[in-house]
Amino acid sequence: MSTETPSPSISSVDPYKHLEITLNPNGSLTRNFNRFPDAPAAPDPSLPNTVLSKDIPINPSKGTGMRLFLPRCALGSPSSKKLPLVVYFHGGGFILCGPRNNLFHEFCLDIAGELPAVVASVGYRLAPEHRLPAAYDDAVEALHIIAASSEEWLVQYADLNTCYLIGSSAGANLAYHVGLRLAESHDSLAPLSIRGLILHQPFFGGTKRTESELREVNNPMFPLGVIDLIWELALSASANRDHEYCNPTVNGGSKVLDKIRTLGWRYLVTGCRGDPLVDRQVEAARLLEKKGLTVESHFDDGGFHGVEFSDIFRKKALFFLVKNFVSTVSN
């Protein structure tokens with residue numbers, strides 16, 4: 001789906017204003033934290049919440065942590081059957097947000113309650129202060145900490161043998177690359193065992209423009225200039241958008257995918273036609289299929305990047321796909 005068509009002018013959009021960020025002389029960002037306010041955790045079971053939540057550290061020296069979500073139905077259940085573990089990676093283009101942000105807090109509340117499942121929403125260091133692969137490093141570290149954790153909710157209620165990696169946008173890119181890393185040393189995660197990956201609107205790119213990127217160059221939600229700036233801030237200064245972190249199809253894809261095929265992991269890839277990145281997402285799904293992996297893909301008409309955070313019907317449709325995927329793989 002790539003094309004050699006020259007990139008159109010994107011000067012009509014100021015990506016810094018669109019993202020509400022300022023690049024400082026020292027290379028750091030000033031972010032508008034009011035854009036995505038934090039939501040408090042609610043660990044107290046005496047409160048009338050259908051899903052409880054609590055924060056636990058990952059690596060205090062890096063300032064990373066995760067937010068756990070536990071459905072109330074798991075408390076005092078006469079059934080000894082534990083719930084699947086969902087490890088969620090938030091979006092934000094690797095430069096914004098965290099697991100405490102209200103947007104992703106509410107999303108994880110819904111995942112935990114709908115499936116139901118124990119959800120671990122993982123925080124990671126942000127670019128450009130910490131460029132890729134820092135986020136991948138943090139996420140892998142989080143999986144190992146989860147696997148060895150004595151945290152009550154994980155030990156008593158989570159089935160570590162039935163673990164799914166889920167990500168939205170940049171979080172889906174993160175889930176994909178974390179999967180590649182973990183596949184090479186999967187046994188070291190025991191007793192945690194990954195069963196599948198769910199990539200929702202994965203944030204991938206490349207130097208050649210795709211048809212959907214050209215068609216949606218001035219997309220009001222996710223214009224091309226914003227996409228380009230995010231990659232400029234997230235990748236190392238010497239890398240372009242055909243770096244493997246950005247473009248999973250470069251050089252025919254990672255050789256680790258052959259290892260993943262032997263592990264039996266399954267993939268769910270979802271998106272919508274109104275997303276400028278949809279062609280990238282379709283290409284990624286086709287790559288996985290070409291490598292012999294079991295892939296379920298769904299690409300709806302219309303919509304936009306991040307539509308599930310504002311459209312309740314799209315969110316319910318996504319959760320329906322996720323619930324069916326988890327149920328099918330787990331059984």
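Biologist: How far apart do the end C-alpha atoms of residues 86–307 lie, and what share of the span is helix and what share strand?

Modeller: Please keep in mind that this is a predicted model. The end C-alpha atoms of that span lie 21 Å apart, and 38% of the span is helix while 18% is strand. According to UniProt, in an unreviewed entry, residues 86–307 carry the feature "domain: Alpha/beta hydrolase fold-3".

Biologist: Which residues have the most contacts inside the largest nonpolar core?

Modeller: In soluble globular proteins, nonpolar side chains tend to be buried together. Here the largest nonpolar core has 110 residues, and those with the most contacts inside it are Leu 85, Phe 94, Leu 165, Leu 192 and Tyr 267. The largest share of this core, nine residues, comes from helix H5, residues 170–183. Among the contacts of Phe 94, leaving aside neighbours within four places in sequence, are Ala 170, Asn 173 and Leu 174, as well as Trp 231.

Biologist: Is H5 largely enclosed or largely open?

Modeller: Of the 14 residues of H5, 13 are buried, so the helix is largely enclosed by the rest of the structure.

Biologist: Where does Cys 272 lie, and is this residue buried or exposed?

Modeller: Cys 272 lies in strand E9, residues 266–272, and is buried, because its relative accessible area is 2%, where under 20% counts as buried. Leaving aside neighbours within four places in sequence, its contacts include Gln 201, Phe 299 and Arg 314.

Methods:
Residues numbered from 1 in each chain as written. Predicted model: local features only at pLDDT ≥ 70, side-chain atom pairs only at ≥ 80, totals over all residues. Heavy atoms only, no water. Core = buried A, V, L, I, M, F, W, Y, C linked by side-chain atoms within 4.5 Å. Buried < 20%, exposed > 50% of the residue type's maximum accessible area, 1.4 Å probe, protein only. Helix = DSSP H or I, 4+ residues; strand = E, 2+ residues; numbered from the N terminus. Contact = heavy atoms within 4.5 Å. UniProt positions renumbered as here; feature names shortened; annotations may be inferred.
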